[in-house]
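Biologist: I'm new to this one and would like to learn how to read it. Could you walk me through it, feature by feature?

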Amino acid sequence: MAESNNHLVTMKGINKAFPGVQALEAVDFSLQRGEIHALVGENGAGKSTLIKILTGVEWQDTGTITLENEDVFIRSPQHAQDLGISTVYQEVNLCPNLTVAENILIGREPRKFGRIDWKAMNSRARQILASLDIDIDVTQPLESYSVAIQQMAAIGRALEISSAKILILDEPTSSLDIHETEKLFQVMRKLKSDGLGIIFISHFINQVYEISDRITVLRNGKLVGAYETQTLPHMELIAKMIGRSLGDFADMTRIKLESSKHIKEDALLQARGLGRSGDIEPFDLDLHIGEVVGLAGLLGSGRTEIAALLFGIEKPDSGSITVNGEPVKNHSPLESIKRGVALCPEDRKAAGIVDDLTVRENIILALQANKGWLNYLDKQQQYELADKYIRLLNISTPSADQPVKNLSGGNQQKVILARWLVTNPQVLILDEPTRGIDVGAKAEIQKLVLELAEEGKSCVFISSELEEVLRTSHRIVVLRDREKVTEFSGEVDEHKIMHAMAGGGS
Amino acid sequence: MMQTISGLISTNRRFIPLAATAVLAFVAYGVGAIFYPGLREPQVFLNLFRTNPFLLISAIGMTFVILTGGIDLSVSGVVALTTVASAALLREGWNGWTVILLMLAMGMTLGAIMGGFITYLKVQPFIVTLAGMWFTRGMCFFISDDAIAIDNRLYRILGQTKILIPGLADPVTQQGDYISILVVIEIVVVVVAVYLAHATRFGRTIYAIGGNEQSARLMGLPVNMTKMMVYTLNGFCSALAGITLSTYVMSGHGLYAQGFELTVIAAVVIGGTSLAGGSGYVLGTLFGVLITAITQTLIQFNGQLSSWWTTIVIGALTLMFIGVQSLLAARKGGRRPAKEAGASALAIRRKRRLLLWGGSGTLIVIILAAFAINSTQITARSSDVGTPQVASRSCEIKPFRREQAAELMTEGAVITYERNGGPNCIDELYAIYQDGRIVGNDGTNEIEANVSQDDLDRLFVGINENGWFTDEMYNTWHTPCGQCYGYYLTVAYDGQEKTVRGVDGGTDAPADYWQVISLVKGVVPKFGAP
Amino acid sequence: MTQRKASFTWRKITENALFFPFVALAFILLFDFIYVPGFFRLETRDGNLYGSLIDILRNGSTVSLLAIGMTLVIATGGVDLSVGAVMAIAASVAAVMMNPVIIGLELPPDLMKFINDPHFTYAPLWQVILVTLIVATLCGVWNGVLVAYARIQPMVATLILMIAGRGIAQLITNGVRIQIFYEPYAFIGQGWIFLPFSLYLVAFVFAIAWILTRKTAIGLFIESVGINFRSSFYSGIDEKKIKLLAYTFCGLCAGIAGLVASSNIKTSDANNIGLTLELDAILAVVIGGTLMTGGRFSLLASIVGAWVIQATTTSMYAIGVPAFALQAIKGLVVIFVILLYSEQVRDFLRRLTSQKEALSS
C-alpha cells in the first residue's frame with residue numbers, strides 16, 4: 001500500500017523468548033513517515049518487548065529490522081539514538097534537579113573554550129520548546145514544573161538528539177489532564193506534519209482513536225493485525241485486544257443482573273463530604289451490602305485517591321466515614337482493617353507485595369497486623385491459611401515458601417488478593433486488580449468479585465478498562481478531574497459514561 | 001512588594017540552604033565580634049583559613065562525592081597515610097617535589113580503586129570506603145609506629161612562609177596580618193572546584209547522577225566514568241589535604257586525623273549539600289567549613305567551655321541543616337500539580353513544617369549560644385585575646401622537661417610529675433621528695449606542700465600495685481586528643497626508676513597507668529584556677 | 001499441605017543465612033590451627049575455662065552486643081552510626097554515678113577517704129546499671145524519633161549523635177577520665193563464672209532479642225518494613241513504631257556494651273570507648289548476611305559475624321601482627337566479604353553450580 005520510500009522502519013518476523021515465556025512470536029510492525037501509529041494490547045501482550053528491541057535495550061532472537069531501506073541491527077540504546085530513534089517514557093526519565101535547559105541539552109551542550117556556554121544553551125532550549133509551543137523559564141529546575149511540562153522537555157530532548165526520525169511515546173498521557181493531553185496531541189500533529197514517525201503506546205482507547213492513523217494490535221506475543229484507525233470499529237478493537245467474542249460480554253452481564261437481586265438497602269460504608277485538598281473534592285458515597293460499585297474515570301481523575309481516603313492511607317481534610325453505623329476516628333490502614341475494610345492497591349510492586357517474603361508470609365501479613373504483635377499466628381495456622389487461598393484463587397507456585405518475587409505478575413496479584421480476603425473484610429476495595437493478569441485469570445477475578453458481593457460483602461471496583469467496570473459493577477460512579485461527577489445504575493450505555501468521564505465534547 | 005519578594009524566593013528556592021549557611025556564618029562571626037573584640041582583628045579572620053586548609057580541601061572533594069549520592073569515609077585514612085608516607089620518604093632524603101607528586105598519585109590511585117568497587121562491582125560506597133579507611137590507616141603503621149618528624153626545606157617553606165597582606169602589614173618589619181601559601185592553594189582549589197561544578201559537563205553530570213542515576217544513564221551520560229573520576233578526584237583532594245597537614249605540623253603519624261571524616265561530612269552538610277545527592281554548592285561547603293572554624297574559634301576564645309562543646313554545636317548545626325534540607329525536599333516530587341483550591345491547603349501544611357523545623361533549629365542554636373555566653377567571663381577574657389595561639393582545640397604539648405626532671409631526681413626527688421598542654425597552655429613540673437615535701441613549678445610560680453610519710457608510703461604501694469615497674473607500662477604519643485594534656489611521670493622506688501609519658505585521649509596506656517596518675521594528682525597541690 | 005520438606009540438599013545448606021559466616025569463621029580457625037600452635041588449647045583454672053577461643057568470645061562480646069541491636073536497625077533498612085558514642089555516654093554516666101567527686105560533688109569527710117576504695121560506690125550498683133541503661137535507651141529513642149517520625153535519613157540522623165555524643169559524654173564527666181575502683185562493677189567485663197560473664201550477657205540479650213523477634217510478630221514486621229515499607233504500611237503495619245523500636249533496642253544494646261567496655265578498662269574514656277566499634281558492628285551484621293538495604297535478618301548469623309571479626313583480630317595478635325596493622329587486615333577482610341556477597345560474584349557462583357542458562361542482562 002505504501003511506497004517503499006515512505007517506510008521509516010519495518011520489523012519482520014520478530015521472535016523473542018525469555019526463560020519460560022515466548023514474549024514475541026513472528027511479529028511484524030511497520031511505521032511510515034508522517035504517521036502516528038498506535039501500538040495497543042493488554043498487559044503482557046508484548047508491546048514493551050517490541051519497543052525494547054526497537055530501542056536497543058533488548059536484542060531479537062530472530063527477525064529483521066529495516067530502517068529506511070537499510071537493514072540494521074540495533075546494538076544498544078545509544079546506537080538507537082544515533083539512528084534517530086528516540087523514546088519518551090511514562091516516568092519522565094530526566095534529572096529533576098537540573099534545569100530544564102540542562103535536561104534538554106546535557107551531553108551536547110554548546111561550549112566555549114571547553115566551558116559550558118549557558119547563554120547559548122538556554123536560548124537553544126527556549127527555541128526547542130518554542131517549536132513545541134511551550135514558553136517557560138528554562139533556568140528553573142525541572143522538578144518545579146508539572147509532569148506535562150516535564151514530558152515536553154523530554155520530547156524536546158528526544159527531538160534534539162541527532163534529529164530524530166522516529167519518536168516513541170510510551171503511555172505519555174497517564175499523568176496528564178484533558179488540557180495537557182490536548183496540548184500533547186497538538187505537538188504530535190505538528191511533528192507528524194514535519195515528517196516524523198510516531199509510535200503511540202496507550203491503553204486509553206479513546207485517545208488512540210483521536211490521534212492515530214493506524215493501529216497495531218498485539219495479543220499474547222502474537223500479531224493480531226495492523227489496521228487503519230478509521231475503518232476499525234471501537235468494540236471490534238477491544239474484542240481483538242482481549243480475544244473475546246462479543247458474545248462473552250452478554251454472559252457476564254447476565255451473571256451481574258442476577259446478583260443484583262441480592263443487594264440490600266443497608267449501607268455498610270457511608271462517606272459524607274469526604275475530601276482532601278489537592279487530591280479529591282468532597283464527595284458522598286454509599287456502599288450497600290451485596291453491591292459492587294465501580295469507579296470510572298480517566299487516570300488522574302481521582303480514583304486511586306478515593307480508594308486511599310476510604311482505606312485510611314491518606315487523612316481527609318473534610319468529611320467523615322461511617323462503617324456499620326460507627327464513625328471512623330483515626331484514619332489509618334490498621335484502623336480500616338480492624339473495621340473490616342480492605343484495599344488491594346493499584347501499584348502491586350510498590351504498595352502490594354513484599355517481594356522477599358514468602359507467599360505464606362505475604363498472605364497472612366495484614367491479618368497478623370490486625371492481630372497485633374503479641375498474637376503471633378503459629379506456623380501451622382499460617383500454612384493452613386496460605387494453602388487454603390492458594391487453592392481457592394488458583395495461585396500457581398511450587399510451594400507456600402516461595403519468595404513472592406519469583407511469581408508471575410498475575411500470581412502476585414492473586415497473592416495480594418488472598419492477603420485481603422484472609423482478613424474477612426466487609427468492604428473490599430480493588431484498585432486495578434486485573435492489571436497485568438492473563439486473560440483467563442481476569443475473568444476469574446471478575447467472577448470472584450461478584451461472588452463476594454453475593455456473600456453479602458460490598459466491593460469497590462476500580463479499573464481503567466471501562467468494559468471491565470461495566471461488566472462487574474452494579475452501580476458506576478464517574479469521576480473527572482478529581483471530582484465525583486455522577487452515578488449510573490442498572491443498564492448503562494457505555495457512551496453515556498465515557499461522555500461523563502470526558503466532560504462533554506469528547 | 002511582598003509578592004515580588006515571595007516571587008524572588010520561589011524562583012531561587014534552591015539557593016535557600018546556601019543562603020542560610022552564609023547568613024549563619026556572617027551572623028556567628030558578627031555576634032562573636034561583639035563579645036570578643038579579638039575577633040575584630042583581621043588576623044583572626046585570616047586564621048580561619050590559615051589553620052584549616054586540610055578541612056576545606058578535603059570537604060570540597062567530599063562535596064563532589066556526596067553530590068553523586070555517595071560517601072567517602074576513607075578520607076581520614078588517606079590523609080594520615082599521606083603524612084606518614086611523605087615523612088618517611090623525606091626522611092630517606094627524597095626530593096620534596098617528588099614526594100608531593102607521588103602522594104597525589106597515591107591518593108588518586110586509592111580513590112580510583114574504591115571508585116571501581118563502587119561503580120563496577122556495585123558495592124555500597126559506605127562499606128567500600130570504610131574498608132578503605134581501615135586499610136589506609138593500617139598501612140600507616142606498617143610504615144612506622146611512631147611519629148616521624150619532617151625536616152625538609154620545601155615543606156618548611158610551604159607551611160611557614162608568611163604572605164603579608166598589602167595594606168595590613170609592614171613589609172619592612174615583617175609584622176602584621178598574613179596568610180600562608182596553603183591559603184593560596186585553598187583558594188585555587190575552591191575556584192577550580194566551582195568551575196568544575198558549574199561550567200563543565202563533568203560537573204553537570206555529577207549533579208545529574210545525584211538527581212536520578214538511572215535517568216542519567218538513559219540520557220546517554222557517561223555515568224560510570226564520571227563516578228570513577230569523582231572518587232579519584234576525592235582521593236586527590238585527600239592526599240592534598242594530607243600534604244597541607246604535613247607542612248602544618250611538620251610531621252607524620254598514623255594517628256592523625258582520627259574522626260576527621262566526620263568533621264568533613266558535617267561541614268559539607270552544614271554547607272547545604274544534601275546527603276541524598278543532586279543538590280548543593282561548592283561555595284556552601286566553603287561556608288560550612290567557615291562555620292566549623294568559627295565555632296572552634298569562639299569556643300577557644302571563651303576559654304571557659306571545654307573544646308568538646310565544638311562537637312556538640314556542630315552536631316546541633318548539622319541537625320538544623322538536615323531539617324532545612326528535608327523540608328525543601330518535601331516540596332519536590334508529586335506527579336500532578338495541585339489544583340488551585342488545593343494548593344492553599346498544601347501550602348498550609350508546608351508552612352507548618354517550615355515553622356516546626358526552623359523554630360526548633362533556631363531554638364537549639366539560641367539555647368546553645370545563651371549557654372556559651374553565660375558561662376563567659378567577658379571582661380576577664382577580652383583583654384588577652386589579642387593573639388590566640390591557633391584556632392584549634394588547645395595548645396600544643398610541649399616536650400618533656402627531661403633535663404630538669406633528671407636534675408630533680410639527683411637532688412633527691414623520688415617522683416617527678418609534669419603536666420603540660422591543655423587550653424591554657426600550662427606547664428607544671430612537680431617534684432616529690434623523700435621526706436614528703438612537694439615542690440611545683442609552672443614557669444612563673446612555685447608552690448609547695450607536704451605529704452605525710454604514711455601517705456607517701458601508701459602512694460608507693462598504690463603505684464607498685466598498679467604494675468608500675470612491669471613491662472606492661474609503655475610509652476605512647478597520641479594526638480589529636482581531648483584537651484591535650486601531656487603527662488610525664490618518673491618514679492624512683494626500691495632501687496628502680498622508670499619514666500612513662502602519656503597524652504590524654506589515648507587508651508594505649510593501660511588503665512593502671514591512669515590510676516597511678518590520678519593517685520599522684522590527688523596529692524600534689526594545684527596552681528590557681530584551672 | 002505444602003509443608004516445608006526437610007530435604008538436606010546442597011542448595012538448602014548454602015542458602016541458609018548462617019552458611020557464609022560459618023565458612024568465614026572456619027577459614028580463620030583453620031588458619032589458626034595451622035599457624036598458631038596451641039591456639040585451640042583450653043584449660044581450666046579455679047573452675048574457670050581459659051584459652052584463645054575463650055578470648056575470642058570474651059573480647060568479641062562488645063561487638064556481639066552491638067551487632068544484636070544493629071541487626072534490627074539494619075533490617076528495617078537503616079543504620080545506627082552512634083552506637084560507639086552511646087557506649088561512651090553510658091560509660092560516663094556509670095562512672096560518674098559511682099565516683100561523683102570528680103565532677104565536683106563534695107562528699108562528707110568520712111566518705112572522702114573511701115574514694116579509691118574498691119568496695120565503695122556512691123550509688124548502689126543496681127541504680128548505676130538501671131540509670132545507665134535508661135540513658136542509653138533514651139539515646140536510642142532520640143535516633144528512632146529522628147528516623148521514623150522526622151523522616152531523616154538514618155545515616156544522617158545517627159551521624160548527629162555520633163558527632164555530638166562524645167562531646168556529651170565528656171560533658172558528663174567534666175572532661176576527666178574517671179577511674180572506676182568499684183570491684184563488683186569490674187565483674188561485668190572481667191568476671192568469670194566458668195565462662196566469661198560478658199558471654200552470659202550476650203546470651204541473655206540474644207535470648208531477649210530472639211524471643212522478641214521470632215516468638216512475636218515483630219520479626220516479621222521488621223523484615224516486612226525493611227523490604228518494602230510502603231507495602232507494609234498498606235498492610236496495616238505501623239512502620240514508624242517498628243523503626244522506633246529497632247533504634248531504641250539498639251541504644252539499649254549499646255548501653256550494655258558500654259558497661260562491658262568500661263568495666264574492662266575500669267575507666268570511662270569518653271574519647272576512645274567504642275571508637276570505630278559502630279563500623280565493626282555494621283560489618284558483623286553484613287557478614288551475617290543481612291543486606292544493608294534491609295529485610296531478612298538472622299541474629300545468630302550477626303553474632304557469628306562478630307566472632308569472625310574478633311577471631312581475625314585475635315589470630316593476628318597471636319601471630320604477632322602489631323596492633324594497628326590489624327586495621328589494614330580488617331580492611332582486606334571487608335573487601336573479601338564484600339566480593340563474596342556482591343551480586344556479580346554470587347551470580348557467577350550460581351552459574352557455576354546450576355546448569356541452566358543465566359538470564360541475559
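Modeller: We'll go through domains, sheets and helix pairs in turn. Keep in mind that this is a predicted model.

Biologist: Let's begin with chain A. Into which domains is chain A divided?

Modeller: Domain 1 covers 4-242, domain 2 is made of 245-340 + 425-506, and domain 3 covers 344-420. Where domains 2 and 3 of chain A touch, domain 2 gives 16 residues and domain 3 gives 12 residues.

Biologist: Which elements of domain 2 of chain A each supply at least two residues of the side that touches domain 3?

Modeller: Those are α11 (333-338), β19 (427-431) and α16 (439-454) of chain A. The largest share, four residues, comes from β19(A). By type, that side of domain 2 of chain A has nine nonpolar, two polar and five charged residues.

Biologist: How many residues lie between β11(A) and β12(A) in the hairpin?

Modeller: Two residues lie between them, and A:Asn220 in the turn has a positive phi of about 50 degrees.

Biologist: What is the strand order in the open sheet of four strands in chain A?

Modeller: The order is β14-β13-β16-β17, with antiparallel pairing. At the edges stand β14 (280-288) and β17 (326-327) of chain A, each with a single partner strand, so one side of each has no neighbour in the sheet. For β17(A), the partner is β16 (residues 318-323) of chain A, and the two pair in the antiparallel sense over two bridges. One place to look is A:Thr322, whose bridge partner in β17(A) is A:Pro327.

Biologist: And the open sheet of six strands in chain A: in what order do its strands come?

Modeller: Read them as β18-β19-β20-β15-β21-β22; here the pairing is mixed. The edge strands are β18 (341-344) and β22 (484-489) of chain A, and each pairs on one side only. Ignoring direction, neighbouring strands of this sheet are turned by 15 degrees against each other on average. As for individual pairs, β18(A) and β19(A) are parallel, with four bridges. In that pair, A:Cys344 stands opposite A:Leu430 in β19(A).

Biologist: Which strands of this sheet does α10(A) touch?

Modeller: α10(A) packs on the sheet and touches β15 (292-296), β18, β19, β20 (458-462) and β21 (475-479) of chain A. The direction of α10(A) makes about 150 degrees with that of β19(A). Helix α10 (residues 303-311) of chain A also lies across β13 (267-276), β14 and β16 of chain A, and runs at about 115 degrees to β13(A).

Biologist: On to helices. How do I read a helix pair?

Modeller: Two packed helices are described by the angle between their axes and the distance between the axes. Take α5 (residues 83-98) and α7 (residues 125-149) of chain C: their axes come within 9 Å and cross at roughly 150 degrees. That angle is why α5(C) counts as roughly antiparallel to α7(C).

Biologist: Is the crossing of α5(C) and α7(C) left-handed or right-handed?

Modeller: The crossing is right-handed. Among the residues in contact are C:Val86, C:Ile89 and C:Val93 of α5(C), and C:Val128, C:Val131 and C:Val135 of α7(C). The residues of this contact divide into 12 nonpolar, two polar and no charged.

Biologist: What does α7(C) do with α8(C)?

Modeller: α7(C) packs with α8 (residues 154-173) of chain C at an angle of about 145 degrees, and the axes are 9 Å apart. This crossing is right-handed. Residues that meet include C:Trp142 and C:Leu146 in α7(C), and C:Ala157 and C:Leu161 in α8(C). The contact of α7(C) with α8(C) has seven nonpolar, two polar and no charged residues.

Biologist: Last stop, chain B. At what angle do α8(B) and α12(B) cross?

Modeller: The axes of α8 (residues 153-160) and α12 (residues 223-249) of chain B cross at roughly 90 degrees and come within 8 Å. These two helices are therefore roughly perpendicular to each other. B:Tyr155, B:Leu158 and B:Gly159 in α8(B) meet B:Ser246, B:Thr247 and B:Tyr248 in α12(B). The residues of that contact divide into three nonpolar, three polar and no charged.

Terms used
Residues numbered from 1 in each chain as written. Chains lettered and ligands numbered in written order. Predicted model: local features only at pLDDT ≥ 70, side-chain atom pairs only at ≥ 80, totals over all residues. Axes fitted to C-alpha atoms, helices over the stretch in contact; angles between N-to-C directions. Parallel < 35°, antiparallel > 145°, perpendicular 65-115°, else oblique. Left-handed = near helix turned anticlockwise from the far one by under 90°. Contact = placed C-beta atoms within 7 Å. Nonpolar A, V, L, I, M, F, W, Y, C, P; charged D, E, K, R; others polar. Pairing = 2+ DSSP bridges. Domains from an automatic or database assignment.
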